[in-house]
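I opened this one to see how the chain packs. These are my notes, in the order I looked things up.

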Amino acid sequence: MAQNWNQELILRLGLQHLPEKRQEEVLLQIGQSIFEGVFLRAMEELGEEDKNELQRLLGQKQDNQDEVFDFLRSKIPNLEEITKEEVEKFRSETESFLSAVGA
């Protein structure tokens with residue numbers, strides 16, 4: 001599923017002409033930006049106890065992105081919809097920017 005999502009982003013944003021390594025770098029940056037949007041919206045829906053647990057998970061040193069998303073999924077029933085909205089928001093803002101600069 002993630003591979004399909006990545007390929008869709010590459011095509012929708014016109015990144016297919018970039019070298020594969022650069023595509024991966026751009027996708028990582030995009031993912032971080034989208035994650036930040038999802039995270040901010042999720043924080044609005046969590047109670048204080050859940051916010052503290054999320055902060056604890058984020059403070060761990062190891063790569064635990066799956067654990068963070070599992071936690072968020074368990075606490076926010078519409079997380080998938082929020083994620084889709086943030087992806088669409090990113091895509092729309094990117095396309096608007098590219099149109100404005102004539103790309």
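Predicted model: local features only at pLDDT ≥ 70, side-chain atom pairs only at ≥ 80, totals over all residues.

I started with L27, which counts as buried because its relative accessible area is 11%, and the cut-off for buried is under 20%. L27 is found in helix α2. Beyond its neighbours up to four places away in sequence, I find L27 touching N6, L9 and I10. For I10 I also took the C-alpha distance: L27 and I10 are 17 residues apart along the chain, and their C-alpha atoms are separated by 8.0 Å.

**V26, next entry**

V26 also lies in helix α2. Buried or exposed? V26 comes out as buried, at 13% relative accessibility. Setting aside residues up to four places away, V26 touches L15 and L18.

**Helix α2 as a whole**

With 26 residues at 1.5 Å a residue, α2 should span 38 Å, and its end C-alpha atoms are 37 Å apart, so the two agree. Which residues of α2 are buried? My list reads Q23, V26, L27, I30, I34, G37, V38, F39, A42 and M43.

**Stepping back to the fold**

The chain has five helices and zero strands. Read along the sequence, that gives α-α-α-α-α. I get a C-alpha trace that spans about 45 × 25 × 20 Å along its principal axes. Of the 103 residues, 29% count as buried. I also checked contacts with a separation of 6 or more: 50% of them come from residues 24 or more positions apart.

**The nonpolar core**

The largest nonpolar core has 24 residues, and those touching the most other members are I30, L46, L54, L72 and I76. Every helix takes part: α1 (2–12), α2 (20–45), α3 (48–59), α4 (65–75) and α5 each supply at least two residues. Which helix gives the most to this core? It is α2, with eight residues.

I then followed L46 out of that list. Not counting residues up to four places away in sequence, L46 touches K51, L54, F71, L72, K75 and I76. L54, L72 and I76 are also on the list of core residues that touch the most other members.

L79 is in helix α5. With 3% relative accessibility, L79 counts as buried. Leaving aside neighbours within four places in sequence, L79 is in contact with V38, F69, L72 and R73. V38 is one of the buried residues of α2.

E86 sits in helix α5 (residues 79–100). Why does E86 count as buried? Its relative accessible area is 9%, and anything under 20% qualifies. What is E86 in contact with, leaving aside its neighbours within four places in sequence? I34, G37, V38 and R41. Among these, I34, G37 and V38 are on the list of buried residues in α2.

**Surface and charge**

The chain exposes about 7,300 Å², and carbon and sulfur atoms supply 50% of that. For charges I count 12 positive and 22 negative, and their mean positions are 2 Å apart.

Conventions: Residues numbered from 1 in each chain as written. Heavy atoms only, no water. Helix = DSSP H or I, 4+ residues; strand = E, 2+ residues; numbered from the N terminus. Buried < 20%, exposed > 50% of the residue type's maximum accessible area, 1.4 Å probe, protein only. Contact = heavy atoms within 4.5 Å. Areas by Shrake-Rupley, 256 points an atom, 1.4 Å probe, with all protein chains shown as cover. Lys, Arg positive; Asp, Glu negative; His and termini not counted. Charge placed at Lys NZ, Arg CZ, Asp CG, Glu CD. Core = buried A, V, L, I, M, F, W, Y, C linked by side-chain atoms within 4.5 Å. Expected span 1.5 Å × (residues − 1).
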